[in-house]
Amino acid sequence: MTAMTVLQSIILITAFAGVVSVSIAATFSLALLSKMVNDMVSVSVGILLATALLHSLPEAFSMEGTNPQLLFATLLAGLLGFFLLEKIALLRHSHHHEGDGHHHHHGHDAEVAGRSGGMILVGDSIHNFVDGVLIAAAFMADYQVGFFTALAIIAHEIPQEIGDFIVLLNAGFSRARALLYNLICGLSAVVGGVLAYFFLERAHAAMPYLLVIASSSFIYIAVSDLIPQMHRRPHWVESLRQTVLIACGVGFVILLAYFH
């Protein structure tokens, strides 16, 4: 293969991986889940935490040449960074309505949910970028390996994309807007693939830290934004239901990871 053919193939296969995983997740989410957004927030908590703690972080820590202390520092910085982003959004919102003499309780709730939607898009974009690097690296080693790597990434991305979709719907995004934004995030895999083609060694060195930052967004959103929403329904029957649904989300990630 010529260099241009390899680059074109990387672009096509990373775009395919990004779009297909989002499309499957969107089809599943919109067909079955969008009418049960409150319940699916619990499933999303399980999916996001399992993706971060059982998949992305172990993958980051298992990469050669990584410094565990520096990775933990990156995780801490990521969590604090997303806290600051949310705090800035809160301060801007408060300043915008300061002294206008009106109550904005419902609008404030929508603003709170909307912030989690924005943060999940940041984390998803970083995660997809890393996937693009992985696909390109495998593809540059061997065409077949690259293709099967893309299929494996599609499989493990589906539950995370479903979790992202539910967060966006819960944040007040319309179905069309959630799909569009998720597709744009999915195409960040193309950016990762192209940069890996030109700067593979540097891209590989940055991958564990990018995975940790993406994981920090998933953990922060689950713990800071979604779980507090669940605590607003404190009845024991509802709490049991939420616990079962979180377990279902975790099980979904484990199941797909086992079979891919």
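Author: Read along the sequence, this predicted chain follows the pattern α-α-α-α-α-α-α-α-α. Helices (H or I, at least four residues) and strands (E, at least two) are DSSP runs, numbered from the N terminus. The chain has 9 helices and 0 strands. Because the model is predicted, local features need pLDDT of at least 70 and side-chain atom pairs count only at pLDDT 80 or more, while totals for chains, interfaces and linings use all residues. Residues are numbered from 1 along each chain as its sequence is written, and side-chain values use heavy atoms, with hydrogens and water left out.

Reader: Where in the chain is confidence lowest, and where is it highest?

Author: The term pLDDT is the predictor's confidence in each residue, from 0 to 100. In the chain, helix α4 (residues 105-141) has the lowest confidence, with a mean of 76, and helix α7 (residues 188-198) the highest, at 93. Over residues 97-110 the pLDDT is below 50, and beyond near neighbours in sequence this stretch has 4 contacts in the model (contact means heavy atoms within 4.5 Å). The average for the chain is 82, and 83% of the residues score at least 70.

Reader: What share of the residues count as buried?

Author: Buried means under 20% relative accessible area, exposed over 50%, and partly exposed in between (1.4 Å probe, protein chains only). Of the 260 residues of the chain, 46% count as buried.

Reader: Which residues have the most contacts inside the largest nonpolar core?

Author: In soluble globular proteins, nonpolar side chains tend to be buried together. A nonpolar core is a set of buried Ala, Val, Leu, Ile, Met, Phe, Trp, Tyr and Cys residues joined through side-chain atoms within 4.5 Å. Here the largest core has 58 residues, and L48, I120, I221 and L226 have the most contacts inside it. Helix α8 (residues 200-231) gives the largest share of this core, 11 residues. Neighbours within four places in sequence aside, L226 is in contact with V41, S44, V45, L48, V167, N170 and I221.

Reader: Is G186 buried or exposed?

Author: G186, found in helix α6 (residues 175-186), counts as buried because its relative accessibility is 0%. Leaving aside neighbours within four places in sequence, G186 is in contact with G18, V22 and N128. G186 and H127 are 59 residues apart in sequence and 9.1 Å apart in space, C-alpha to C-alpha.
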